[in-house]
Structure formats: C-alpha cells, structure tokens
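Thanks for coming, everyone. Let's get the model up on the screen and walk through it.

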Amino acid sequence: GGRIQREDVSAYVKQVMTAGAPAATGGAVAAGGGLNLLPWPKVDFSKFGEVDEKPLSRIQKISGANLARNWAMIPHVTQYEDADITELEAFRKKLGEENKDLKITPLVFQIKAVVAALKKFPTFNASLDASGEKLTLKKYFHIGIAVDTPDGLVVPVIRDADKKGLLELAAELGEISKKARDKKLTANDMSGGCFSISSLGGIGGTAFTPIINAPEVAILGVSKAQMKPVWNGKEFAPRLMLPLSLSYDHRVIDGALAARFAVYLAQQLGDIRRLLL
Ligand code: CAO
C-alpha cells in the first residue's frame with residue numbers, strides 16, 4: 001500500500017552510508033564526509049535575452065580556486081569592531097604634509113597595529129597543518145596586502161613589518177601596489193605571509209566578510225572611515241570611526257579571543273602612542 005517499512009529504512013540508510021546522500025535529501029555533506037554538491041546549473045542564458053561571454057583572467061582562475069577551497073574548508077566567523085581614528089587621522093595628515101613625496105594612507109597604521117596585535121595574540125600568527133592537528137606559530141611578522149588590479153586580486157607580502165617604520169612601510173606599500181598593477185610581482189613577493197589585510201577603505205562600504213588566505217588563520221577587512229556621533233559620557237561628539245571586519249578560522253581561534261584581538265586592534269588605532277609600548 002506504499003507504506004515505508006523497517007526494511008525500506010534499513011536499505012535506504014545502507015545506501016546513504018555506502019554511496020553518499022542523494023541530492024533529493026537536500027544533504028550537502030555525504031555520510032562519509034566530504035562535499036557531495038549538486039552539479040553546477042547549466043543554463044542557456046541566450047534563451048532569456050542577449051548575452052556576451054568573457055573568460056576569467058589567469059589571476060582570477062588561480063585566486064578563484066584558492067578562495068573556493070578556503071571558503072569551503074575553513075569555518076569562517078567575522079568579528080566586527082570600530083576604531084576611533086580621529087587623532088590618528090590628524091597625525092596622518094601632518095605626516096603627509098611633512099612628507100609630500102610619500103602617500104601615507106591609513107593602511108600603514110593598520111599594518112603597525114596588526115603587528116602589535118599579532119605579538120599580543122600569537123595564535124593569530126599561526127598556520128594549521130593539513131591534518132588540522134598541529135599549529136605552527138611564527139616568530140616573524142610578514143603581512144599580506146590585498147591589491148586590486150585590472151586582472152584580479154593579488155596579495156603581495158610586506159616582510160618583517162615589525163622592523164619597519166611608518167614611512168618605510170608607506171614607501172614599500174606604494175612600490176608593491178605599483179608592481180602589482182604593472183603585473184611585475186613574482187611568486188616570492190606573494191609568499192610567506194602570516195596575516196592579510198584587505199582594505200576597501202578607499203572605495204567605501206561599512207563592513208564585509210573577507211575570506212581567509214590559507215594557510216593563514218585570520219584576515220582583517222577594513223572599510224571606509226566615517227564621521228559618527230559617539231557618546232562620550234556627557235554628549236555625542238563627532239568622531240572618525242574606522243570599521244574593522246576580522247574573519248578568523250574557528251578551528252584555531254575562539255570567539256572570545258577574536259573579540260579581544262579586535263578590541264586590542266581598535267585600541268592601538270585609537271591611541272597610536274600605544275604602538276610604542
Ligand atoms: N577610510 C577612509 N579613507 C581611506 C581608507 C579608509 N579606511 N583607506 C584609504 N583611504 C583613502 C586614502 O587615504 C586615499 O585618500 P587620498 O586619495 O585622499 O589620499 C584614498 O582612500 C585611496 O587610497 P588607496 O586605495 O589608493 O590606498 P590604500 O593604501 O588605502 O590601499 C591598496 C592600497 C593597494 C590596498 C588599495 O589600492 C587596493 O587595491 N585596495 C583593494 C583591495 C581589495 O580589493 N580587497 C578586496 C579583497 S576581496 O576581493
């Protein structure tokens with residue numbers, strides 16, 4: 001009579017356990033682990049209207065494959081925080097006027113603040129091995145910077161950022177972004193990073209979810225600083241607030257640690273005298 005009997009359930013379970021869950025169950029994860037995704041939809045778009053086709057660039061294909069692996073394999077969580085950079089900005093402007101040959105953007109201060117936070121929270125300066133069982137803690141501070149180029153995203157690395165001053169970092173940032181846009185980066189320029197920063201602050205937006213650059217365990221996304229009314233205990237005061245989005249690998253970093261890292265980072269940016277400590 002179309003009833004589902006005990007034997008049917010057993011047979012079904014057996015089938016799932018040996019062959020992976022069929023798509024009709026909606027289960028994306030096969031019983032034995034691994035992804036058991038539906039095939040990519042094949043659509044003849046020209047049936048619906050006029051279209052054009054454009055192959056992805058070489059960089060897009062390489063970074064796309066990396067991003068897809070990292071997104072699928074790393075359990076990402078993003079922690080948000082705002083840093084009050086009102087004073088930092090005044091100092092940056094002054095520094096810019098004194099060094100007109102250099103472009104000193106907020107990013108160099110972020111690199112310095114990230115190095116301070118990595119020193120305080122070494123778990124963020126680490127990599128998980130392929131088995132997911134061993135962490136390698138690094139004692140050097142090489143910071144990857146996401147650079148947008150007409151051909152796609154590349155991440156050159158500033159080495160030993162802890163040993164460099166703001167002006168030196170500003171000069172190097174200028175050099176690597178130019179090298180990236182001129183397609184002159186070598187594999188060596190893009191290797192050895194400990195932690196990456198992806199700054200969309202020059203463009204806009206309030207927050208985003210950056211994808212971790214494996215085998216790193218965290219990445220900082222930076223959005224555009226904006227004047228906001230901030231309560232100072234007595235009144236609302238206009239303060240320049242910088243939105244930070246910290247994505248981390250939850251296998252390695254717990255939420256409380258990530259919140260502490262983000263708060264510490266915001267404190268460093270809020271009072272850069274702390275970077276001297
Ligand atoms: N808030 C407000 N203004 C900011 C800012 C912020 N967080 N960050 C930068 N700015 C300002 C700069 O001061 C500069 O202002 P001026 O022109 O008045 O001097 C302007 O925005 C443009 O900055 P920039 O983008 O040229 O320089 P940068 O040092 O901030 O960044 C680089 C350099 C190479 C990181 C950037 O050009 C870039 O490519 N960003 C994109 C990265 C990216 O695509 N990430 C996404 C990865 S996921 O797909």
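Let me start with a question: are F124 and F261 buried or exposed? Both are buried. Keep in mind that this is a predicted model.

Ligand site next. The shell around the ligand holds 23 residues, and T105, D148, R181, S198 and A225 come nearest. By class, the shell has 11 nonpolar, seven polar and five charged residues.

Where do they come from? Four elements each supply at least two shell residues: α4 (106-120), β5 (147-149), α5 (166-181) and β8 (195-199). The top contributor is α5, with three residues.

R181 puts a polar side-chain atom 2.9 Å from a ligand oxygen. On S198, a side-chain N or O atom sits 2.9 Å from a nitrogen of the ligand. At S199, a polar backbone atom is 3.1 Å from a ligand nitrogen. How much of the ligand is covered? On its own, the ligand exposes 970 Å², and the protein buries 69% of that.

Stay with β8 for a moment. Four of its five residues are buried. On one pairing, β8 runs parallel to β4 (residues 143-145), with three bridges. There, I143 has F195 of β8 as its bridge partner. On another pairing, β8 runs parallel to β9 (residues 218-222), with four bridges. In that one, I197 stands opposite L220 of β9.

F195 also takes us to the aromatics. F195 belongs to one aromatic cluster with F121, F124, F261 and Y264. The model has six aromatic pairs.

Take F121 and F261. Their ring centres are 5.8 Å apart with planes at 55°, so this pair is tilted. F121 is in the loop between α4 and β2 (126-128), while F261 is in helix α6 (residues 255-270), so the pair ties together parts 140 residues apart in sequence. Why does F121 count as buried? Its relative accessibility is 11%, and the cut-off for buried is under 20%. F261 comes out at 0%, so F261 counts as buried too.

Back to the opening pair, F124 and F261. Here the ring centres are 4.0 Å apart and the planes are at 20°, so the pair is stacked.

Over to you for discussion.

Methods. Residues numbered from 1 in each chain as written. Predicted model: local features only at pLDDT ≥ 70, side-chain atom pairs only at ≥ 80, totals over all residues. Heavy atoms only, no water. Near = heavy atom within 4 Å. Polar contact = N/O pair within 3.5 Å; in protein donor to acceptor, adjacent residues only side chain to side chain. Areas by Shrake-Rupley, 256 points an atom, 1.4 Å probe, with all protein chains shown as cover. Nonpolar A, V, L, I, M, F, W, Y, C, P; charged D, E, K, R; others polar. Buried < 20%, exposed > 50% of the residue type's maximum accessible area, 1.4 Å probe, protein only. Pairing = 2+ DSSP bridges. Phe/Tyr/Trp six-rings, centres within 6.5 Å; stacked < 30°, edge-to-face > 60°.
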